[in-house]
Amino acid sequence: MPGLVVFGRRWAIGSDDFVLPGAFELLVRLVWWMGILALYTVHKGQFNCPGGGLLHSYLLVLLVLLASIICALSALVYISMQGTISNPGPRKSLPKLLYTRLFLYLPEFVWAVVGAVWVSDSSVRCEKAVINAIIGTVIASWVIIIFTIIGVVIVFDPLGGKKTFYLTDSVNRNLESSQSGQLLYNVKNTATRVWEKRIRLLCCCIVQDDDHRVAFTSIAELFRAYFSDTDLVPSDIAAGLILLHQEQDKMESCPKEPEEVLCHSPSSLATDDLDVELENAAHYMLFAAAAYGWPYYIYTNPLTALCKLNGDCCGNRPTDSDITGSDRHNFHFGSILKITGLQYRDFIHISFHNKIYEIPFFVALDHKKEAIVVAVRGTLSFEDILTDLSADCEDLTLEDVLENGFVHKGITQAANYIYRKLINDGILNQAFTIAPEYKLVIVGHSLGGGTASILAIMLRNSFPTLRCYAFSPPGGLLSKSLADYTKHFIVSVILGKDLVARLSMPNMEDLKRRIVRIVANCNKPKYRILLRGCWYEVFGGDPENFPTELDGRSQDALTQPLLAEESLMVHRSPSYSALEDESHLHSPPQYPHLYLPGKIIHIVEESSSRRLCSSDSKYTARWSNEAVFSSILISPKMITDHMPDVVLKALNSLSQEHGSCISC
């Protein structure tokens, strides 16, 4: 629903967002009012103590004030329950009720001060129970006031007061005029600065240089462009995600067509190839996980990790020249040793250096597979997040590679950094001098998987036999031509409904459109959607069958946007400033399509049995293609399926299952 407009500006809250917080406050106020009423009734006629006259007046006024607040809250909650997300008409009187409720904070604040003064007066000699009750009342008043102020700060929209700039069917704006062009530029510039300030605030704990400032501006532009053309508040997005999740679950529960099942049946040759790659992937995932260092080791061994690291980390380590960056107490390197099972002499180079576009990695000799392994770390710091979010596209031009194309800018710069270290610093030459017959394998998880993939493309001409295993890499990584080129030497491993593997700007635009459509067309109030959604996520059950305005419409009509759907787009909403006049629900994509690298192994959890302290899951794996990951799937597992320990567990399960089949 369009953001609520009060005090002449838009706020990041809808008129239907007062049901749950209002009902909670209403419950607190009712209990509070009954407690004060009981206190006044019990002690009526017993206010002869020093300070009792003021206490009598205080309690009477407090009862009247609480009753007024309860009436205002009841009306506010009732009106907020009316209508639907895209139909705020029945809630048009809510701003007046909100003004009334906010006005009542003034006498409540004054009475909280009076209560605090009365309690702190040393001449008061009333009963201890009465004094304690007044202290509780004063504390409750101040807590509610403070939380209200925090809530106002949270829902404050810095752009809410900007001059409205939107398109209507009856009025065509002359964008060629200097006035309208300057207005559009100013609004865009203001929105970018607001996002840049937010990003700087989140990253206030890191040292900021020119690279950071450039990244902040680039990421701010990206966020401004993405959020500029919709008038959705955060609760609308939450409701949309809930509805999408239940809709997806209903579709997954439907039986598949026979043709769809047959098209996924692999040949025996492909199955043999898949088994080999799964075994290799399970082995190399250890290196990708080890690159995270002590945070991963402690996370997977919470009870024993610190004891083991304290006992073993200080004994052996490579010479200082082999390590760059800080490794306090030698915990990172000790964790890598524990996870990989290698000896310290097997490591050629270890870098813990971490800046924006510069991520940690290590080079080690894997004698089991006779490989020189370059393992790149995934996202683990604010600098890594900035690298992830620098999602602009740039050209990747390489000699003797015809399939040049677009790549993710931030990840490409990280790959360039590691490429320079490996080649210019002679790290790979040193490794191949020690083990000339070994092959080169590049691995990484998440951000590390994307960086490893682009690094493999850069090194492919110099090392034609290299292999790359990218675990859960970002979806928006390579253009189609480069993705096809990498199928010869890169294998991507994706688990379940992993969000990151489906994360690209076109997919995010598609998700935004799906949220707008399903929210605009649902004819149930938002509070019911949220309550039912929370119950479904926690306790399960059958997906809710929310009736929508789509029901009963013809197929031709489904291709046209509904009026409610149009009202959620900024340039149709008079309550918000449109920052992108050309953006529209059915506009062509403004971002190039980028894809996952190489051949794709998709692992799916078939069944799961939970026990008291553990859970057993059964997985299946198959070769897949990029079309499967062209849409973001909403699920509680969209995050957990990305975690390196979960991916490693799934790969080990498949590898052990394959090994047991061979032994049988």
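Thr412 lies in helix α15, which spans residues 409-424. In this predicted model, Thr412 has a relative accessibility of 1% and therefore counts as buried, since the limit for that class is under 20%. Setting aside the neighbours within four places in sequence, the residues in contact with Thr412 are Glu394, Leu396, Val407, Ile454 and Met458.

The protein has 664 residues, of which 49% count as buried. Its secondary structure comprises 24 helices and 13 strands. Among contacts between residues at least 6 apart in sequence, 74% join residues at least 24 apart.

The packing of helices can be followed in two pairs. Two packed helices are described by the angle between their axes and by the distance between the axes. Helix α1 (residues 19-42) packs with helix α5 (residues 128-155) at an angle of about 160°, and their axes are 12 Å apart. Because an angle over 145 degrees is classed in this way, α1 is roughly antiparallel to α5. On the side of α1 the contact is made by Glu25, Arg29, Trp32, Ile36 and Leu39, and on the side of α5 by Val130, Ala133, Thr137, Ala140, Ser141 and Ile144. By class, the residues of the contact of α1 with α5 are seven nonpolar, two polar and two charged. The crossing of α1 and α5 is left-handed.

The second pair consists of helix α8 (residues 234-253) and helix α20 (residues 526-539), which pack at an angle of about 50° with their axes 9 Å apart. From α8, the residues Ser235, Asp236, Ala238, Ala239, Ile242, Leu243, His245, Gln246 and Asp249 take part in the contact, where they meet Lys526, Ile529, Leu530, Gly533, Tyr536 and Glu537 of α20. The contact of α8 with α20 divides into seven nonpolar, four polar and four charged residues.

Attention now turns to the loops. Glu370 is found in the loop between β5 (361-366) and β6 (371-376). Its phi is near 50°, a positive value in a residue other than glycine. Glu370 and Lys439 are 69 residues apart along the chain, yet their C-alpha atoms are separated by 6.7 Å. Beyond its neighbours within four places in sequence, Glu370 is in contact with Tyr438 and Lys439.

Ser472 occupies the loop between β10 (467-471) and α18 (480-485). The phi of Ser472 is near 50°, again a positive value in a residue other than glycine. Ser472 has a relative accessibility of 0%, and therefore counts as buried.

Cysteines complete the account. A search of the whole structure for disulfides finds zero. Cys393 has a relative accessibility of 32%, so this residue counts as partly exposed. Cys534, at 49% relative accessibility, also counts as partly exposed.

Note on methods: Residues numbered from 1 in each chain as written. Predicted model: local features only at pLDDT ≥ 70, side-chain atom pairs only at ≥ 80, totals over all residues. Heavy atoms only, no water. Axes fitted to C-alpha atoms, helices over the stretch in contact; angles between N-to-C directions. Helix = DSSP H or I, 4+ residues; strand = E, 2+ residues; numbered from the N terminus. Contact = heavy atoms within 4.5 Å. Nonpolar A, V, L, I, M, F, W, Y, C, P; charged D, E, K, R; others polar. Disulfide = S-S within 2.5 Å. Buried < 20%, exposed > 50% of the residue type's maximum accessible area, 1.4 Å probe, protein only. Parallel < 35°, antiparallel > 145°, perpendicular 65-115°, else oblique. Left-handed = near helix turned anticlockwise from the far one by under 90°.
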